[in-house]
Amino acid sequence: MVSNSEKYTEKKVKRSMSQEKRNSIAGYLFVSPFFILFAIFGLFPMLFSFYLAFFKWNGLGEMTFNGINNFTIIFNDPIFWKSIYNTVVIGLLGTVPQLIVAFLLAYALNAQALRFKNTFRVAIFMPYVTSIVAVAILFSIIFNSQSFGLVNSILGVFGVDPIVFTQSEWGAKIAIATMIFWRWVGYNTIIYLAGMQSISSDLYEAAKIDGATLSQQLRYITLPMLKPFILFTVFMGTIGSLQIFTEPLIFFGGNLREEGITVVAYLYRDAFENNFFGTASATAIVLFGIIMIFSVLNLLITNRLGRGKARKA
Amino acid sequence: MKKLWKTSILAGSAMAILAGCSSDESGSGSGSGGGSETIDMWVFGTTGYEELAEKYMEENPDVKINVQSTEMGDHHNNLFTALSAGQGAPDIAMIEVGEIERYREAQDRFANLYDLGAKDVQGDYLEWVWNVGQSADGEFMFGLPTDIGPTAMYYRKDVVEEAGYPTDPAELAASLNTWEAYSQFAKDVAEKTGKPVVDNAELIFNAKRDQADEHYFNRDNELIVEDNAAIREAYDYTVSLIEEGAVGNMPLWTPEWGQGMAEGSYATLLGPAWMQGVVKGNAPDSDQWMITTMPEGAGNWGGSYLTISEESDQQEEAYAFIEWLVSPETQLESFKDMGLFPSTPATYEQDEFINYTDDYFGGINTAAVFAEAAEQVKDVYKGRNYLLVQGEIMTALNNVLSSGGDPDKEWDDAMERIKQRLERE
């Protein structure tokens, strides 16, 4: 009898232990789809690209170890440095005016006096949902090199000779930056608008009673309260502009010229047009480093601003 | 216990979905549901091969062929990925002539068609077309040639007439039988009509280039472009026309290029046979376009090869099908139905071919013009980095054309960039 009941309790304990174990297994199984997907489509390609950066490989033949030669090759390539320069210049041209305009648009959309608010909001957000390829094709027509291109014919009115946009140092950059501006300005406007709507109207009312002008309200209430939103858009804008790719590719119609080639376009050309996967991976790693540096810089600035705010409070 | 089963089934099915993603493409051979095995075939563009496969299956009831057509860029990317991974490639894959170069050293991914009987049909095809499909040493055959794109001179009757030249195809060809004469013609066109003689720098350079015996690489895949006088000559010739103001700045496939076709903004278009469809599409109402032979020979632009993958387990059945599909008789069908220009000279002797006329191009036998061109194309080895070199030379010419670059400096810079980029190989 005694031995029997002992056995029974022992069994019970064993079962409850394994039940716990089972639960944890079930838990892992439930979260596994994400990790499996991430491992196959995220982690593996990333690690493989690090590995490839030290090899020569054309995608079909043998991989041969190449040491740091891939890095030496790209660092000695003036076009590589040009592509970094282009990326930064196009990024600045496309992002800085965009964020300023987005802020002003959001402010206008948030104004009490404005009618048909929703229509305007939808209209401004619309470019964001447009296919990026359609945008690039549309803009290559606007920035057509012939005298009948939209921009060139406007310039013609002022007696300016038609610009061959694809072959002009600044023409190409401005054209690409305009595409980025047009596509992303609505997205940032909506974010700023959401931020502005979260600011309590009490603050504005109090400021009005104290006799603050519109520009004072903007400067001392809207801007500080929007800081987290502005930081977010700057952060995303920085990373986004370091990855500019589709616009130059379609704008140049295949033959990527040095006037507008970006880092990602540069590595795409190596990898998928010429199958030089080694140098393409090396470029990707350098780009990874650059993005890291910018992100850390952003983070440092964010922390500092946050601290400043805390001290004031 | 039941719960555990349920959860593992759930997770299992998630994994199955994942696995499904990768095995979807690799249906090669295994995709049959009993009965005869399916031969998978990947093609691009409008080939009409779906209908021809139906016809073949009617004649051979024990064969099942599944033709899958994709857009050209995606098609080649998918194929490259599958071949690179070593699994997932179809039994038969169509590869464009420019794309086949990158597989030159990847013989282990393809079936050698010489082992499947390709030697027996070699004589049916134009020699230069055949040679592109085989390895540099001639031991390995990658694919059977489908159609080709021999080049000729398209011209606008109105512009030619205004420049004071005969508009009859034979007479015009006779008066423009050398590049020197063509150069004079360019001057006359510019002077009398104010229009450029060609649409852009690319096609005139290509036309001259295609008449050289060697281009950018030799058969050992060594870069020879810098010392190749013929290529430099093609470059200089293009530059001389640019300096005359005889070269337009309407890059291929841009809206202004198509519009120029409709309006007659340039005198000649040095294009391949399949450009007929492009001209008709861009200038549907024009009755001014005509076709004649180019000065001093012809080149080739386009065409494809049908390859069989190494991993296919029905190489013989697949080979039997493609041998039939690109035989002279079937190529005549493809020519009639889809305008694919045959790579088999025997087809040029057929009545349907000899009596072919095209009302759009003044009722002349356009097929005969291209057939003559096809026989003149040079057998040139291109090499896997051909397009890289071509791209840099085009950059140089475009700089001369629209940014007023110094031709010698642009050439030197292009050579420098080419060498820099080829270090990566």
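Tutor: A search of the whole structure finds 2 cavities of 30 Å³ or more. A cavity is a set of points, on a 1 Å grid over the protein atoms alone, where a 1.4 Å probe fits but cannot get out. Volume is the space filled by probe spheres set on the points, with grid points joined across faces, edges and corners. This is a predicted model: local features need pLDDT of at least 70, side-chain atom pairs count only at pLDDT 80 or more, and totals for chains, interfaces and linings use all residues. Residues are numbered from 1 along each chain as its sequence is written, chains are lettered from A in the order in which they are written, and side-chain values use heavy atoms, with hydrogens and water left out.

Start with the largest cavity. It holds about 40 Å³ of space. Its lining residues (an atom within 4 Å of a point) include Y49(B), T146(B), D147(B), L325(B) and Q331(B). S334(B), L340(B), F341(B) and P342(B) also line it. In chain B, β4 (143–156), α13 (328–338) and β8 (341–342) each supply at least two lining residues. These elements are DSSP runs, numbered from the N terminus: helices (H or I) have at least four residues, strands (E) at least two. The lining has 5 nonpolar, 3 polar and 1 charged residues. Here Ala, Val, Leu, Ile, Met, Phe, Trp, Tyr, Cys and Pro count as nonpolar, Asp, Glu, Lys and Arg as charged, and the others, Gly among them, as polar.

Now the second largest cavity. Its volume is about 30 Å³. Among its lining residues are L79(B), L83(B), F110(B) and I308(B). Two or more lining residues come from each of α3 (72–85), β3 (92–96) and β7 (300–308) of chain B. By class, this lining divides into 8 nonpolar, 2 polar and 1 charged.

Next, the interface. Here 38 residues of chain B are in contact with 37 residues of chain A, contact being heavy atoms within 4.5 Å. About 3,100 Å² is buried between the two chains, 55% of it from carbon and sulfur atoms. Buried area is the accessible area (1.4 Å probe) that two parts lose on being put together, summed over both. The chains share 2 salt bridges, each a side-chain nitrogen of Lys or Arg within 4 Å of a carboxyl oxygen of Asp or Glu. One joins D270(A) and R424(B), at 2.6 Å from N to O.

Note on methods: 1 Å grid on protein atoms, 1.4 Å probe; cavity = no way out; pocket = protein on both sides within 12 Å on 5 of 7 lines; lining within 4 Å.
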